[in-house]
Amino acid sequence: MAITYLKRGKSEADRAEDDSKVRGIVEATLADIEKRGDAAIRELSEKFDGYAPETFRLTPSEIEAAMQKVTAQEMEDITFAQKQIRGFAEAQRASMTDIEVETLPGVILGHKNIPVQSVGCYVPGGKFPMVASAHMSVLTASVAGVPRIVSAAPPVKGAPHPAIVAAQHLGGAHEIYVLGGMQAVGAMALGTQTIDPVHMLVGPGNAFVAEAKRQLYGRVGIDLFAGPTETMVIADDTVDAELCATDLLGQAEHGYNSPAVMVTNSRKLAEATLAEIDRLLAILPTAETASVSWRDYGEMIVCDTYEEMLDVANDIASEHVQVMTDRDDWFLEHMHSYGALFLGPRTNVANGDKVIGTNHTLPTKKAGRYTGGLWVGKFLKTHSYQKVTSDAAAASIGAYGSRLCMLEGFVGHAEQCNVRVRRYGGLNVPYGEGAPVVKS
């Protein structure tokens with residue numbers, strides 16, 4: 001048994017060095033936003049986007065004007081995508097129920113699922129206006145019942161991107177800002193003179209946006225720690241090189257540092273895919289970006305067995321994992337660390353990104369080992385409650401609690417229990433002692 005790398009990407013150490021260069025810039029920028037507010041974000045917006053309006057928030061008339069620029073077909077496509085995403089999010093929300101159980105006579109425990117009260121949704125623009133990200137964040141927060149949804153996206157060519165504005169508005173955003181990058185994330189989290197801070201940040205972005213969210217975590221909640229888009233293709237000889245190469249480069253075009261990895265047990269398919277990637281890069285319009293990602297972060301891994309393929313895939317824990325084998329359901333059963341699975345040759349990551357209904361904001365950098373992606377449940381907080389409704393239950397639970405508190409040395413805690421035992425159980429428990437055992 002052997003695992004062979006026909007191509008390797010940058011080492012973990014090199015990737016960590018790239019991250020460290022971003023960290024200091026973001027830290028200084030967030031401190032400036034917190035100190036100077038609107039003035040800071042205006043300077044940053046003018047510097048990076050050439051955009052510095054009197055106010056970054058769109059008015060209803062400006063939203064309407066932007067939406068008028070969206071063609072009928074584009075609007076139909078946006079509406080179709082939002083219908084699929086809303087339907088799946090609503091089904092997920094319906095699976096999350098409040099509960100209340102009586103664990104002992106007179107002892108009632110329960111939990112409620114309560115929406116986060118305000119969310120900032122970042123929608124990337126830059127090289128590729130990510131219309132779909134508005135569906136994934138804004139619409140999903142709306143289904144969860146978040147009462148204040150703020151959405152921000154950078155200008156494109158000096159103006160709001162019409163389709164992004166349409167997606168934000170139709171998805172249910174209450175406030176729409178034309179503001180990009182770490183300045184948008186910082187403004188939503190920290191607040192400025194004109195933007196009230198939110199309780200949670202969600203949405204993908206570039207390395208600076210991801211680092212800003214990481215540094216702001218704790219002050220606000222975030223969906224997850226997200227890095228550059230990652231894709232993995234797990235394939236055997238049931239598929240061909242064109243399919244594999246197309247699916248790898250389709251995600252490598254996201255940016256200059258988007259890892260694309262193929263794991264296969266067919267050396268013939270691996271070598272053919274490498275050749276096909278070279279062919280496609282000669283004709284792909286986004287090859288300038290995709291070729292750098294493939295050069296620096298692309299990997300081709302050949303295994304002897306399916307079990308080895310599974311182990312490699314679980315260890316890498318890629319954001320997108322496309323499985324095209326003669327045993328796709330076996331991988332579904334045994335994969336445990338990933339962002340999302342795309343099973344079978346008829347499925348592809350682009351459909352998952354844009355329209356099929358699942359959420360495309362997913363864990364990267366091995367975070368799939370401990371978290372899933374953005375979904376309606378991320379916007380809900382599950383809060384427990386308890387109540388004791390009978391004197392007998394108050395005395396019985398109180399006695400156990402008293403003795404367990406004394407076991408740990410918490411006398412004040414024990415007295416919280418003892419006072420109930422005295423009042424509702426009629427027992428004379430000496431102050432600062434554990435309650436006696438009462439035989440029934």
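Here's a quick briefing on the fold, the cores and a few spots in this chain. Keep in mind that the model is predicted. The chain has 440 residues, and 49% of them are buried. It's built from 16 helices and 14 strands, and its C-alpha atoms fill a box of roughly 85 × 65 × 40 Å along the principal axes. If you look at contacts with a separation of 6 or more, 73% of them join residues 24 or more positions apart.

**Nonpolar cores**

- The largest nonpolar core has 68 residues, and the members that touch the most others are Val119, Leu179, Leu201, Leu216 and Phe379.
- Helix α5, residues 131-144, gives this core its largest share, with 8 residues.
- There's also a second, separate core of 23 residues, with Val233, Cys244, Ala270 and Ala290 among them.
- As background, nonpolar side chains in soluble globular proteins tend to be buried together.
- Val119 is a handy place to start browsing: leaving out residues up to four places away in sequence, Val119 touches Val146, Arg148, Ile149, Val150, Val198, Met200, Val202 and Phe379.

**The α7/α8 pair**

- Helix α7 (residues 181-190) packs on helix α8 (residues 207-216) with about 25° between them and 8 Å between their axes.
- Angles under 35 degrees count as roughly parallel, so that's what α7 is relative to α8.
- The two helices cross in a right-handed sense.
- On the α7 side, the contact uses Gly181, Met182, Val185, Gly186, Ala189 and Leu190.
- On the α8 side, the residues are Phe208, Val209, Ala212, Lys213 and Leu216.
- By type, the contact residues come out as 8 nonpolar, 2 polar and 1 charged.

**Helix α12**

- Helix α12 spans residues 306-316, and its buried residues are Tyr306, Glu308, Met309, Leu310, Val312, Ala313 and Asn314.
- Just past the end of α12, Ala317 has a positive phi of about 50°.

**Thr29 in α1**

- Thr29 sits in helix α1, which covers residues 12-36.
- Its relative accessible area is 11%, and the cut-off for buried is under 20%, so Thr29 counts as buried.
- Beyond neighbours within four places in sequence, Thr29 is in contact with Leu44 and Met182.
- Thr29 and Ile41 are 12 residues apart along the chain, with 9.3 Å between their C-alpha atoms.

**Cys405 in α15**

- Cys405 belongs to helix α15, residues 391-408.
- Cys405 is buried too, at a relative accessible area of 14%.
- Not counting residues up to four places away in sequence, Cys405 touches Phe410, His413, Ala414 and Cys417.
- From Cys405 to Glu433 there are 28 residues along the chain, and the two C-alpha atoms are separated by 9.9 Å.

Notes. Residues numbered from 1 in each chain as written. Predicted model: local features only at pLDDT ≥ 70, side-chain atom pairs only at ≥ 80, totals over all residues. Heavy atoms only, no water. Core = buried A, V, L, I, M, F, W, Y, C linked by side-chain atoms within 4.5 Å. Buried < 20%, exposed > 50% of the residue type's maximum accessible area, 1.4 Å probe, protein only. Helix = DSSP H or I, 4+ residues; strand = E, 2+ residues; numbered from the N terminus. Contact = heavy atoms within 4.5 Å. Axes fitted to C-alpha atoms, helices over the stretch in contact; angles between N-to-C directions. Parallel < 35°, antiparallel > 145°, perpendicular 65-115°, else oblique. Left-handed = near helix turned anticlockwise from the far one by under 90°. Nonpolar A, V, L, I, M, F, W, Y, C, P; charged D, E, K, R; others polar.
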